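Please check each of them against the structure shown below.

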Amino acid sequence: MPLLSLANPSSPAGHEMLLLRSASVFRSVSRRISTVRMAAISTSGEKGASPAGQVQLPPSPPPVQVAKRLENFKTTIFTQMSLLAIKHGAINLGQGFPNFDGPEFVKEAAIEAIKEGKNQYARGYGVPELNSAIAERFKKDTGLQVNPEKEVTVTSGCTEAIAATILGLINPGDEVVLFAPFYDSYLATLSMAGAEVKSVTLCPPDFAVPLDELKSVVTKKTRAIMINTPHNPTGKMFNREELEVIASLCIENDILVFTDEVYDKLAFEAEHISIASLPGMYERTVTMNSLGKTFSLTGWKIGWAVAPPHLTWGFRQAHSFLTFSTSTPMQWAASVALRAPDTYYEELKRDYLAKKAILVEGLKAAGFIVYPSSGTYFVMVDHTPFGFENDITFCEYLITEVGVVAIPTSVFYLNPEEGKSLVRFTFCKDEHTLRAAVERMKERLHKR
Amino acid sequence: MSRAIPSGPGQAANAQARLKAPAIDKMEAKLSKASRALNASPIQEISHLAQRCGAINLAEGFPDFPAPPQVKHAAVAAIAADLNQYRHVQGICDLLAVKMKQNHVLDFDPLTDFVICCGQSEAFAATILATIDQGDEVLIFDPAYETYESCIILAGGIPLELRISQVYVPLDPPYWTLNVDKFMRSFTGRTKAVVLNRSLNEEKIGCIKETNYNSYSPHNPTGKVFSKEELEVIAAACCQMDCLAITDEVYEYITFDTHKHLSIASLPMMKERTIITSSLSKTFSVTGWRIGWACAPTAIASAIRNIHIKITDSAPAPFQEAALAALQSPPEYFSSLKADYVARRDFLIKMLSEVGFQVHNKPQGSVFIFAELPKTCLLCDVSELSPATFPFIDFVKELIEKAGVAAVPGRGFFHGDCNDLTQQSRYVRFAFCKSNDTLSAADQKMRSCVGK
């Protein structure tokens, strides 16, 4: 199994590039992830420049080796595919970020901030105006009133919010429950924190939470459950019943919830529910979000977490070590963005619904089994009608012979076998691109 | 909050036990006790007082003058040109590789040896996470920033890999020279790395308590630049003990007089064991943009990159684009940057000396002056404003209230020997990364209010 390597992360969606094929390899890699020992220095007998004084150094320890995992790094499947995609001029419906830009009023706010000189360090946990805007938006969305100074922290994207949550609140050996398929940084960061990961798989066609299985996996030893809703890559949205079951398990067993809600404004077929708003849950929940997906500015790296003070404390500890503060002009622009009127969000949804229709109809016409996606800008499909052995071989074929990129989803599971019939397409592209991709697939994909 | 104990192999184990973070308990009662302890920050009090009094702020370590127009323009252009999605701008690495060659005669591969991060902060964090295991010891020079220690100690949730012993190696006043004996005795079989905080012996205040401070104050309290001889000692020890050197070179272009910034990586056999971190922030007066990098041999850079991708994934895209413009600034930019800072430094030293402060050493780099209180100034009576308040703070408070100038108490930068409290309490740190108007105004106020 090739290990992942990111010698040259040429693709911007680096997080999606950094995946391992084998879960067991991954775990062993992750445990060693902080071990880097230098290669033996052949001239260990020399002492380099002689010190000024006559100081006796203690006898040198034996020479150490480069960590095994570093020796084995090879190019990842995604790097290979990206290169293939460029070589074949494939249309990229794999990358999870738009090929269109954010709204003018937000960009202008950032430009103003830069010109006005707001280019120096921001307060570590966020520019006050942004903290307030986040609190206001949170109140509007969930009904919960939170203190912007004590319960809101701004981070470099939701990726950092996830890292700060896990590194700040999870101790080695803590048990954490994930829902597969999951965004890859969850597992990676949990491994960095030394957590014991248990996963519960969401299965097609509706990717519903298997409640009985969940109840058997969650115990008093569980420290936290991670939720992503609306869910990447399936497009599933956790419904009230599922969240209530999760909530009652958490309350009964004194468990925390870390919830990634970056796609909350891309909720199409169902109402987005934040678990923090359920009774008894706010005090044990970290709710994470970001600017990037809602405002098509994924490269600005503005994210945040809302959590009660006793959880915010641990979060801010980690954050202050990881990046300390977040980009100042973008924070000012974000505070403007978050005060956007309802019409902005309505138009956003309308636009994405139109794009989704193009893609979904096209995928069905091309012969895929298309699973319903309630939220996000992703759609999961079953590729097996085309007769390929697994998701990776299918995706390679899709690039080289059809000229379209999709993401193989097996890498999003602890057990890759569970994902081998599934691939993920995105519709966060302009309509012209979507139509062109659909045409290619209709023309060139043949059922076997 | 516990302070690091003095260096010495026998005490390293004790240090680690004491530095072990309290178990994070989700019950609010237990956590809030710890957070109450954190909030008793003298710097926080000063900051609020300074604001209330409208004092001139010579405490913050970031500029109050604008960033260079061509760099800002590049950022604005990038935003307008829709360069706002996730990006890795390879051109930055290409330019940095050229600079490494020009400045240090070091060959780095731009495709593999650089990691662009959200500020030097993240580059440093990713480096630590990528190289330091549980039980490892890291040598840090003192005076340094205490809050780096706090971050690590109090961040109990951060994996055990980071519950390292930070062993402080005291530098000798008044010139903060490296004491070779003390340094060598600090090494043990567990020493993994030596941190050269801001090649000018600086570290940043990064602690949670500073997040309440209105401004972020990274600093070099002493403005010292390690001499070539000192770097050679450190290098020899790193080679002999097979340790890494982790450097923070954010002030690489702000060195004065004949002191040229010398990176330890350029010394014999050091390139393979050194991780250089730096950023745009100080060189281009854009501390809020969060564009930094780590530069290391390929295998280590790869590990750092893997960590970085999990922490933030990428640095802000438009500012990466602007970094291209910044890093292509002509040599004149760098020489006038230096000249401007020299002028500011000299102005402030003159002002401080003439009102009675003792500036024992002219800073050789960075933007801070560490000055001793005027001899005629008696420390005020110790007043217990709060348990964490130190006696020296009264001087700083007076300076704010009477002279309308804010500075930072020097006590916070020291560790270890508590018998030296009186001595350590007599230092105050001033920043001179301020416009001429600001410095002139401060000058006027100080002259009229402070003095014999």
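1. In this predicted model, strand β13 of chain A, residues 422-426, pairs with β12(A) in the antiparallel sense over 2 bridges. Within β13(A), A:Val423 is the residue that stands opposite A:Pro408.

2. This pair belongs to an open, antiparallel sheet of 4 strands in chain A, whose order is β9-β10-β13-β12. The edges are formed by β9 (369-370) and β12 (407-408) of chain A, each of which pairs on one side only. Against the sheet packs helix α15 of chain A, residues 391-402, which touches β12 and β13 of that chain and whose direction makes about 40 degrees with that of β13(A).

3. The largest nonpolar core has 243 residues, and the members that touch the most others are A:Phe368, A:Phe425 and B:Phe430. Helix α14 of chain A (residues 342-366) supplies the largest share of this core, with 9 residues.

4. Leaving aside residues up to four places away in sequence, B:Phe430 has contacts that include B:Leu58, B:Leu348, B:Leu352, B:Phe357, B:Val367 and B:Met446. Another core, of 23 residues, lies apart from the largest one and has B:Met184, B:Met241, B:Cys243 and B:Leu267 among its members.

5. For chain B as a whole, 15 helices and 14 strands are assigned, and 69% of its 452 residues count as buried. Of the contacts in chain B between residues at least 6 apart in sequence, 79% join residues at least 24 apart. The chain exposes about 14,400 Å², of which carbon and sulfur atoms supply 55%.

Conventions:
Residues are numbered from 1 along each chain as its sequence is written. Chains are lettered from A and ligands numbered from 1 in the order in which they are written. This is a predicted model: local features need pLDDT of at least 70, side-chain atom pairs count only at pLDDT 80 or more; totals for chains, interfaces and linings use all residues. Side-chain values use heavy atoms; hydrogens and water are left out. Buried means under 20% relative accessible area, exposed over 50%, partly exposed in between (1.4 Å probe, protein chains only). Contact means heavy atoms within 4.5 Å. Accessible areas come from the Shrake-Rupley method with a 1.4 Å probe; for residues, only the protein chains shown count as cover. Two strands pair if DSSP finds at least two bridges between them. Axes are lines fitted to C-alpha atoms, for helices over the stretch in contact, and angles run from 0 to 180 degrees between N-to-C directions. A nonpolar core is a set of buried Ala, Val, Leu, Ile, Met, Phe, Trp, Tyr and Cys residues joined through side-chain atoms within 4.5 Å.
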